Amino acid sequence: MFKTLRTWGGTMEYHKTKDPVHVMKKLGHKNIANTLIYIQLDEALFKEEIDYVAKIAKTKAEICQCIEAGFEYVCDQDGHKYFRKRTGI
């Protein structure tokens with residue numbers, strides 16, 4: 001039972017943070033390979049549920065704001081830069 005709860009907790013922590021190193025440290029793993037199971041479970045469980053927030057940047061200042069807020073660049077269209085960021089659960 002404890003192992004099941006630990007696995008679920010680790011999977012949900014990865015799903016929330018998308019940070020394998022954070023999950024590794026939180027669970028006390030010495031090797032990142034032990035943490036990969038949580039990433040695989042997250043991908044299997046939530047592959048249909050990935051949501052994004054989108055932003056459009058027109059100026060250099062807006063581009064910097066998007067990057068500093070953790071948005072990733074997607075494309076250029078009509079002189080605008082499009083960014084996206086995964087939403088949490």
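**Overall shape and side-chain contacts**

The radius of gyration is 17 Å, whereas a compact globule of 89 residues would have a value near 12 Å. The model is predicted. Its C-alpha trace spans about 55 × 25 × 20 Å along the principal axes. Of the 89 residues, 22% count as buried.

The protein contains 4 helices and 3 strands. Along the sequence these elements follow the pattern α-α-α-β-α-β-β.

Salt bridges were examined next. The count comes to 5. One of them joins the side chains of K18 and D42, with an N to O distance of 2.8 Å. The two partners lie in distant parts of the chain, 24 residues apart. K18 sits in the loop between α1 (2-17) and α2, and D42 sits in helix α3. Their surroundings can be described through accessibility. K18 is partly exposed, at a relative accessible area of 25%. D42 counts as buried, because its relative accessibility is 5% and the cut-off for burial is under 20%.

Most residues other than glycine have a negative phi.

A second salt bridge links the side chains of E72 and R84, at 3.2 Å from N to O. E72 belongs to strand β2 and R84 to strand β3, so this pair ties together parts that are 12 residues apart in sequence. Both partners have intermediate accessibility. E72 is partly exposed, with a relative accessible area of 37%. R84 is partly exposed as well, at 32%.

A further bridge is formed by K81 and D76, whose closest N and O atoms are 2.7 Å apart. K81 is partly exposed, with a relative accessible area of 27%. D76 is also partly exposed, at 43%.

The structure holds 1 aromatic pair. Its members are Y73 and F83, arranged edge-to-face. The ring centres are 5.9 Å apart, and the planes make an angle of 75 degrees. Y73 lies in strand β2 (residues 72-77) and F83 in strand β3 (residues 80-86), and the two are 10 residues apart. Y73 counts as partly exposed, at 43% relative accessibility. F83 is buried, with a relative accessible area of 4%.

The loop between β2 and β3 holds D78. The phi of D78 is positive, at about 55 degrees, although this residue is not a glycine. D78 is exposed, with a relative accessible area of 66%.

I32 lies in the loop between α2 (20-27) and α3 (36-46). This residue is partly exposed, with a relative accessible area of 36%.

Cysteine contacts complete the survey. The structure holds 0 disulfides. A disulfide is a covalent bond between the sulfur atoms of two cysteines. C64 is partly exposed, with a relative accessible area of 42%. C75 counts as partly exposed, at 29%.

Notes. Residues numbered from 1 in each chain as written. Predicted model: local features only at pLDDT ≥ 70, side-chain atom pairs only at ≥ 80, totals over all residues. Heavy atoms only, no water. Phe/Tyr/Trp six-rings, centres within 6.5 Å; stacked < 30°, edge-to-face > 60°. Buried < 20%, exposed > 50% of the residue type's maximum accessible area, 1.4 Å probe, protein only. Disulfide = S-S within 2.5 Å. Rg over C-alpha atoms; globule rule 2.2 N^0.38 Å. Salt bridge = Lys/Arg side-chain N within 4 Å of Asp/Glu carboxyl O.
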